[in-house]
Amino acid sequence: MRWIIPRFRCFVWIVSFVLIFFPAAAISQTADDLSIHQIQVIGTHNSYHLRPDQASLDLAIAMVPDARSWDYSHLPLNEQLDHGVRSFELDIYAREGQFKVFHVPVIDFHSTCDTLKDCLLTVKDWSDAHPHHVPISFLLELKDQGFSGSAKQSKIDRDYLMALDQEILSVFPPDRVVQPDDVRGDSSTLEEAVTTRGWPGLASCRGKAMFILHVGDPVRRVYIDLYPGLQGAPCFVRSQPGNPEAAVVIHDHPSVDSIQSLVKAGYFVRTRADANLNVNAKDETGRRDNALQSGAHIVSTDFPPGSPRAETGYVCQLPGGVPARANPVTAPQEYANIPLE
């Protein structure tokens with residue numbers, strides 16, 4: 001016992017010395033001290049997309065000149081996750097009792113996962129195997145248009161949206177989803193919550209998914225009527241400041257000043273680093289760099305880590321190729337080099 005007391009006193013003296021003279025060393029910052037509003041990830045645009053065969057592409061270009069921008073392919077979603085992608089964008093058509101995932105009927109319909117459920121199961125399996133990951137977000141763009149001769153599209157109404165929610169929750173149960181109620185807490189609206197109290201901590205959101213309906217009116221209004229204030233809803237909706245459900249803002253063009261203003265106010269923002277495959281010009285690299293600098297939480301690209309543009313080597317990735325980093329606008333500077341996964 002006599003040797004224990006002197007050693008204990010020595011330990012106390014050392015700890016006291018560190019706390020007094022090196023207070024920063026005594027506080028260990030970890031990634032889990034951050035909220036999900038204080039991180040940034042790379043996402044993919046049309047994440048399921050496969051390049052059309054040449055005949056289909058030529059036909060598409062004859063019908064739709066912008067179809068030249070369809071000349072690219074993405075890896076399967078699980079392989080994108082392996083390369084560090086943490087956000088996906090899916091185009092959804094309701095057909096034959098299923099939520100199909102593809103770009104344009106008849107002329108650009110090839111996909112790495114044919115249905116929403118296939119896509120979600122692929123990501124869920126990967127998530128189960130990597131439970132420490134930051135939240136994986138999905139932007140769901142609901143389509144109702146078609147070409148002559150294509151299958152009839154289902155009307156996007158209350159029944160459609162309820163079925164969509166059921167499909168999501170059949171793969172990712174509620175305790176694996178970051179939901180609007182998790183953000184709102186005891187605030188009267190989502191907007192009040194994100195602009196005052198802020199977003200949930202990263203620690204409570206690891207291993208989860210987050211769903212955002214990338215839709216405008218009238219579909220957005222139908223969903224909000226179904227879930228007033230998004231109470232009980234599994235999905236967030238694209239919105240604008242000033243609306244009670246405003247939490248997520250889609251800002252396609254990476255205007256640094258505009259996006260920084262939004263993220264500083266508390267909104268969760270997605271932007272695009274590139275568009276229409278126009279990544280040959282010098283200013284397109286500037287667009288990517290602006291997107292990363294802006295503090296947008298999701299920076300979406302057609303050329304993520306693992307899939308650079310063959311002609312130029314262009315790629316959009318976070319510094320060091322990490323899957324997530326402390327947000328350059330909303331996170332304290334001392335977290336800049338702390339690994340998030």
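**Close-up views of a predicted model**

**View 1. The largest cavity has a volume of about 80 Å³.** This is a predicted model, and the structure holds 1 cavity of 30 Å³ or more. Look for its lining among Ile-36, Ile-39 and Val-41, then Pro-135 and Ser-137, and finally Met-210, Phe-268, His-297 and Ile-298. By class, 7 of the lining residues are nonpolar and 2 are polar, with no charged residues in the set.

**View 2. Phe-172 and Phe-211 make an edge-to-face pair.** Across the model, the count comes to 10 aromatic pairs. In the one shown here, the ring centres are 6.0 Å apart and the planes stand at 65 degrees; since edge-to-face requires an angle over 60, the pair falls in that class. Phe-172 sits in the loop between α6 (158-171) and α7 (180-184), while Phe-211 belongs to strand β5 (residues 209-213), so the pair ties together parts that are 39 residues apart in sequence.

**View 3. Phe-88, Phe-138, Phe-172 and Phe-211 come together in one aromatic cluster.**

**View 4. The protein chain averages a pLDDT of 89.** At least 70 is the score for 87% of the residues.

Methods:
Residues are numbered from 1 along each chain as its sequence is written. This is a predicted model: local features need pLDDT of at least 70, side-chain atom pairs count only at pLDDT 80 or more; totals for chains, interfaces and linings use all residues. Side-chain values use heavy atoms; hydrogens and water are left out. pLDDT is the predictor's confidence in each residue, from 0 to 100. On a 1 Å grid over the protein atoms alone, a cavity is a set of points where a 1.4 Å probe fits but cannot get out, and a pocket is an open set with protein on both sides within 12 Å along at least five of seven lines; lining residues have an atom within 4 Å of a point. Grid points are joined across faces, edges and corners, and a volume is the space filled by probe spheres set on the points. Ala, Val, Leu, Ile, Met, Phe, Trp, Tyr, Cys and Pro count as nonpolar, Asp, Glu, Lys and Arg as charged, and the others, Gly among them, as polar. Rings of Phe, Tyr and Trp (its six-membered ring) pair if their centres lie within 6.5 Å; planes under 30 degrees apart count as stacked, over 60 as edge-to-face and the rest as tilted. Helices (H or I, at least four residues) and strands (E, at least two) are DSSP runs, numbered from the N terminus.
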